[in-house]
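Subject: Structure handover

Hello,

Here is the structure that I said I would pass on. My notes on it follow below.

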Amino acid sequence: MKAVLLDAENHYRLAELDEPTPGPGQVAIRVAYAGIQWGDTMVRDGRFPVPRPFVPGFEASGYVTAVGEGVDAARIGSAVTALTTGGAYAEVVLAPAELALDVGDLPLRTAAGLGWGAPTAYDLVNTVARVLPGESVLVHAAAGSVGVLAAQFARLAGAGRVVGVVGSAARADYAAGFGYDRVVLREDFPAALEGERFDVILDPVGGATRRAALRQLAAHGRLVVFGELGGFGPVSADSSDLLMNGASLLAYNSELLARTCPGRLAGSVRRVLGLVGEGSVRVDVTAEFGLGDVAAGVGRLAGGVTCGKSVVRVG
């Protein structure tokens with residue numbers, strides 16, 4: 001099969017590899033599309049070390065072609081969207097059967113666009129922050145695949161005001177089409193918000209952004225952290241200050257959830273599939289690359305060029 005290898009020199013190259021065989025609890029998927037996500041940049045940059053050469057790609061859509069021990073053979077032929085630990089930039093990928101969800105008539109290009117971002121956005125709003133009707137929500141990285149979905153889920157939850165923060169004017173224009181009441185530029189943050197406080201803040205950035213968020217929480221507010229886009233580094237929170245304000249600092253880690261409670265993550269994917277299928281939520285795939293162009297796709301994401309979701313066309 002054709003696959004993309006990331007080598008020790010950080011080069012992506014096409015190679016011919018043997019097709020993998022599913023083990024117990026796994027399915028093999030003939031890949032139609034693979035999603036590009038932030039984990040790809042972390043692997044490329046060595047922030048998430050893996051043995052090299054490595055076949056990257058952590059989300060895919062396609063058709064189940066084989067099943068391992070303990071998996072119902074009736075699943076063969078099913079169209080699925082899958083979350084993987086790697087290998088999706090290839091013609092065949094293995095995935096845990098529990099995290100390969102049937103998509104029915106949903107186009108496979110759209111199904112690949114769900115990836116890890118869709119259940120993450122759903123859980124941030126509904127499971128972790130538990131946004132309530134009338135509450136105000138601030139979303140950082142508002143034009144990314146998680147950000148545009150988080151705004152939509154917040155609206156469905158009844159949020160009274162949803163504000164986004166982005167890195168450029170072009171990204172602000174893009175994010176504005178997904179339910180934000182206001183989108184501000186990161187260079188103007190937090191001054192542009194003039195001391196406004198929020199019931200819920202979603203922060204994948206860290207650093208100074210996270211420190212500012214702690215000061216922007218309303219009484220009983222919840223700050224949910226789910227990434228370190230700005231680089232890893234400690235941010236201190238005074239538990240006494242949180243207590244006096246009734247505020248909470250919460251964290252969400254979808255990769256950990258996949259390893260410890262995959263059924264919970266799968267449940268969120270199913271709920272998202274239902275909302276997308278009925279037209280309540282829009283997954284926006286804005287760019288498509290071939291297998292030979294993975295480097296360009298990952299580079300655009302790392303460089304802040306990508307809005308919404310990019311996918312790689314495989315089959």
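Which helix does alanine 172 lie in? Alanine 172 is part of helix H5, residues 169–175. Helices here are DSSP runs of H or I with at least four residues, strands are DSSP runs of E with at least two, and both are numbered from the N terminus.

Before the rest, two notes on the basis. This is a predicted model, in which local features need pLDDT of at least 70 and side-chain atom pairs count only at pLDDT 80 or more, while totals for chains, interfaces and linings use all residues. Residues are numbered from 1 along each chain as its sequence is written, and side-chain values use heavy atoms, with hydrogens and water left out.

Apart from neighbours within four places in sequence, alanine 172 has contacts with Val166, Val183 and Leu185, where contact means heavy atoms within 4.5 Å. Between alanine 172 and asparagine 245 there are 31 Å from C-alpha to C-alpha, at a separation of 73 residues in sequence.

The chain as a whole

The chain has ten helices and 15 strands. Its radius of gyration is 19 Å, close to the 20 Å that the globule rule gives for 315 residues, so the chain is as compact as a globular protein of that length. That radius is taken over C-alpha atoms, and the rule is 2.2 Å times the number of residues to the power 0.38. Along the principal axes, the C-alpha atoms fill a box of roughly 55 × 40 × 35 Å.

Of the 315 residues, 53% count as buried. When contacts between residues at least 6 apart in sequence are taken, 68% of them join residues at least 24 apart. The accessible surface is about 13300 Å², and carbon and sulfur atoms hold 53% of that; the areas come from the Shrake-Rupley method with a 1.4 Å probe, and for residues only the protein chains shown count as cover.

There are 27 positive and 32 negative charges, and their mean positions lie 3 Å apart. Lys and Arg count as positive and Asp and Glu as negative, without His and the chain ends; each charge is placed at NZ of Lys, CZ of Arg, CG of Asp or CD of Glu.

Helix H3

Tyrosine 122 is in helix H3, residues 117–128. This helix is mostly covered, with ten of its twelve residues buried; among them are Gly117, Pro119, Asp123 and Val128. Tyrosine 122 also counts as buried, because its relative accessibility is 13%. Beyond neighbours within four places in sequence, tyrosine 122 is in contact with Thr127, Phe153, Ser268, Arg271, Val272 and Leu275. Alanine 150 is 28 residues from tyrosine 122 in sequence, and their C-alpha atoms are 6.7 Å apart. After H3 comes arginine 130, with a positive phi near 50°.

Helix H10

In H10 (residues 294–302), the buried residues are Val294, Gly297, Val298 and Leu301. Seen down the helix axis, these buried residues fall within an arc of 95°, so they line one face of H10; the arc is that of the directions from the helix axis to the C-beta atoms. Their cover includes strands S1 (2–6), S2 (12–16), S3 (26–36), S14 (285–290) and S15 (309–313), together with helix H1 (38–44). Just after H10, glycine 304 has a positive phi of about 75°.

Backbone points in the loops

The bond from arginine 52 to proline 53 is cis, with omega near -5°, and proline 53 lies in the loop between H1 and strand S4 (59–67). The bond between phenylalanine 189 and proline 190 is also cis, with omega about 5°; proline 190 is in the loop between strand S10 (182–185) and strand S11 (198–203).

The loop between S10 and S11 also holds glutamate 194. Phi of glutamate 194 is positive, near 50°, in a residue other than glycine, and glutamate 194 is exposed at a relative accessible area of 73%. Asparagine 10, in the loop between S1 and S2, has a positive phi near 65°. At 35% relative accessibility, asparagine 10 counts as partly exposed.

Regards

Technical notes
Buried means under 20% relative accessible area, exposed over 50%, partly exposed in between (1.4 Å probe, protein chains only).
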